[in-house]
Amino acid sequence: MTTKLFGEPVRRREDARLITGRGRYLDDIGSDALAAAFVRSPHAHARVVDVDVDAALDVEGLVAVYTYEDLPGPLAEPLPVLIPHPQLHAPRTGYPLANGEVNHVGEPVVMVVATDRYVAEDAAERIVVTYEELPVVVGVDAAREAVHAVHADVPDNVAARHHQETGDADAALAASPHTLSFTQYIERSACMPMEGKGVHARWDAGDRSLRVHTSTQASTSVRAAIAAKLQLSLDQVEVVAPDVGGGFGVKIVHPWPEELLVPMAAIALGREVKWAEDRREHFISSAHERQQRQEITVGYDDDGRVTALDVHVWHDNGAYTPYGIIVPIVTATQLVGPYVIPVYRVIVESVYTNTVIVTPYRGAGRPQGCFAMERTMDRIADALGLDRAVVRERNLIRPEQFPYDHRLTFQDGRPVIYDSGDYPGLLDKLRALVGWESAEELRADAEARGKLLGVGMALYVEGTGPGPYEGGHVQVLGSGKVLVSTGLTSQGQGHETVFAQIVASELGVPIEDVEVTTGDTRRFGYAVGTFASRAAVMSGNAVALAARGVREKALRIAADVLEADPGDLEIDEGVVSVRGTPGAAIPLRTVAVLSNPLRYAFDEAAKQATQFARSASDDKPPVAPGDAPGLEHRDYYSPIRSTFASGAHAAVVEIDPATWEIDVVKYAVVHDCGNVVNPMIVEGQVHGGVAQGVGGALYERMAYDADGQLQNASFMDFLMPYASEVPDVVIDHQETPSPLNPLGIKGAGEAGVIPGTAAIASAIEDATGRRIAAMPISPTQLYDLVRDGSSETTAAWRRRTGVDA
């Protein structure tokens with residue numbers, strides 16, 4: 001196989017292991033470990049009056065019971081606010097175990113440890129917790145009204161007021177030829193990885209070391225949190241992310257209470273302890289996302305060009321704010337999309353509710369921002385009687401305007417400056433891919449079959465690869481194997497393949513010789529984590545830089561052996577050779593042996609590196625000053641700011657007016673993530689994202705009642721799209737390399753999900769003529785909307801049908 005693999009559709013190397021049952025997930029570890037289970041609050045808001053554990057003490061196999069009073073030192077303090085922000089004026093976090101009050105159903109109150117999970121659950125059922133119920137706040141509207149408070153010391157329920165503004169929005173709106181205002185909603189949803197959270201901990205009392213396996217997206221950060229909360233030095237703690245069965249954002253939060261409590265118990269009991277989240281626990285005690293109320297006012301001229309945009313968002317952050325206001329910031333800054341917005345004001349009020357915490361879920365605020373901007377474009381087009389694609393085209397940033405500064409501050413604290421792109425090119429490709437100009441023919445064909453047909457589109461820009469850094473280590477062994485390690489974790493994205501492709505291409509070795517390790521603090525101790533479509537951008541560039549360091553050293557050593565200039569050497573298929581000189585070559589594995597001067601030889605290869613095996617200069621040390629033994633290099637990539645990927649999606653829906661079932665019959669994607677490392681993996685990421693976008697538009701909704709009880713906390717009741725509901729996706733690529741990193745790449749992990757809700761809402765509106773102002777939408781809701789004589793109709797529908805009302 002060629003060693004020039006960057007850009008090739010290499011099949012995923014990890015799949016054979018994972019699909020044949022040879023993966024090693026959290027629950028495969030610690031078969032003899034003690035098991036933990038939790039007593040969780042059945043109430044959305046209550047005081048904890050008493051915890052009676054007496055009945056549980058008679059359960060055979062019970063080992064320990066822990067309540068808040070048993071938590072030592074820093075463990076008894078609130079969990080950290082991971083990302084402080086000046087505008088997060090009233091941050092609140094929970095405790096590992098409830099300290100006198102619970103603020104959502106599912107909050108942990110008691111931990112039970114027993115010989116196995118069955119015994120632990122039996123003992124937990126016997127524990128009696130007495131509660132005094134308190135008033136409950138559910139949903140952004142109830143939080144805004146503030147009749148009741150989630151936290152007594154935050155009477156208005158507002159955790160943060162995030163405000164960014166470019167220019168005088170009031171004056172610009174007053175001067176605009178046209179304005180329109182509207183309100184819309186996105187409901188609460190959540191990610192559903194196949195594997196829930198889980199923790200296994202083992203304490204070695206002999207050397208006072210702790211090894212923790214956890215299903216996480218941030219192993220190095222979990223390590224730091226455990227060390228801080230359990231008062232251990234960092235070098236006493238090892239954290240390993242084994243194979244992780246999906247993350248989608250929920251596992252970037254850390255430390256979860258269980259990631260502290262399970263290690264605490266392992267140390268206290270001197271035994272291995274494990275906890276694996278069950279599905280109901282995931283529904284009621286992990287994290288959700290999405291819910292926002294958006295109030296939008298836009299000014300525009302006769303041609304549909306935006307003159308000013310004013311957006312006020314109410315964002316439901318749930319009961320606590322452990323992840324700060326990252327989701328509101330991303331909504332605020334990504335809302336502007338690929339458009340020139342001369343004057344922009346956005347205020348996001350992040351509010352407390354008595355529901356599960358809200359943290360990033362694939363897209364992380366971007367789908368909401370895209371929904372706001374793209375529905376605004378649709379409304380402008382409808383008001384002026386213009387084609388929706390034409391209005392978008394007139395507002396797009398042009399290629400010659402890059403780098404484009406939006407004068408906003410992104411989630412990394414750096415400016416929102418788009419690095420590169422060709423947004424008109426995306427739109428042109430999308431129109432051709434979906435058959436935009438043939439929409440009326442498609443509509444007529446559907447009508448002949450008794451169906452309503454609509455077409456919608458949505459464009460987006462995605463900030464990817466935020467810092468501060470990631471690192472990579474590359475080492476060539478004497479066997480020829482190349483070991484690659486990086487600190488961020490993998491949850492199915494194909495990192496083993498992509499990073500191997502990059503290193504194989506940079507180093508000139510067969511990909512079969514490259515082994516990749518991620519998420520193991522024993523191999524790489526400094527990292528940030530896997531989130532925000534950053535793995536390829538951050539660790540991809542880091543391992544590329546590390547490989548270049550190895551290559552430079554290899555050429556230097558080989559040049560000495562071959563008596564050639566390093567600039568005349570090349571590496572291909574793991575062999576260093578002199579260009580144009582057949583036979584003048586040395587295997588890279590031999591260079592690796594020579595890179596480590598030896599006194600003792602343990603095998604035939606090692607003999608080549610001993611002191612009498614080859615001549616050397618008497619006036620130079622065996623290891624040059626500033627050099628180190630071994631053919632290896634460690635490097636870090638730290639960007640000046642995020643890079644911005646982009647894309648355009650279109651959906652064609654058919655609706656059966658007898659049942660109001662909504663069928664997405666075609667879905668088109670044009671995507672630009674800069675230079676593509678592996679197009680097959682990028683397309684897989686897009687397909688997965690589109691599936692979640694369809695789910696967010698039509699199915700996935702966390703349904704809380706007024707008492708804060710989640711009504712659909714099981715896969716019997718929470719709807720997700722099956723393969724039968726996910727449309728065939730047609731994809732086209734555009735590549736505008738990023739000038740900000742050595743590989744010219746941008747992130748791709750979240751692209752597929754971002755515009756789905758907006759594009760499908762636009763298509764449904766086009767099909768039915770009814771204004772779609774809340775998503776997701778079910779057939780029943782659509783039926784009610786169409787049958788409601790007071791529901792708003794679009795001007796386009798009235799023009800098409802000749803109906804005035």
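This tour moves from domains to a helix pair and then to the nonpolar cores.

The model is predicted: local features need pLDDT of at least 70, side-chain atom pairs count only at pLDDT 80 or more, and totals for chains, interfaces and linings use all residues. Numbering starts from 1 along each chain as its sequence is written, and side-chain values use heavy atoms, without hydrogens or water.

**Domains.** Colour domain 1 (32–134 + 191–285), domain 2 (292–466 + 640–801) and domain 3 (468–595 + 630–637). These bounds come from an automatic or database domain assignment. The centres of domains 1 and 3 are 39 Å apart, taken over C-alpha atoms. Their contact (heavy atoms within 4.5 Å) takes 17 residues from domain 1 and 18 residues from domain 3.

**Helix pair.** Select α13 (residues 495–507) and α14 (residues 535–562). Helices here are DSSP runs (H or I, at least four residues), numbered from the N terminus. The two axes come within 9 Å and cross at roughly 30°; axes are lines fitted to C-alpha atoms over the stretch in contact, with angles from 0 to 180 degrees between N-to-C directions. Show side chains next: the contact includes Phe 499 and Ile 502 of α13, and Val 543 and Arg 548 of α14.

**Cores.** A nonpolar core joins buried (under 20% relative accessible area, 1.4 Å probe, protein chains only) Ala, Val, Leu, Ile, Met, Phe, Trp, Tyr and Cys residues through side-chain atoms within 4.5 Å. The largest has 51 residues; Tyr 418 is among those with the most contacts inside it. Centre on Tyr 418: its partners include Val 336, Phe 402 and Phe 644. Then find the second, separate core of 48 residues, which includes Val 498, Phe 499, Ala 592 and Leu 594.

Note on methods: Helices (H or I, at least four residues) and strands (E, at least two) are DSSP runs, numbered from the N terminus. Buried means under 20% relative accessible area, exposed over 50%, partly exposed in between (1.4 Å probe, protein chains only). Lists of a residue's contacts leave out its neighbours within four places in sequence.
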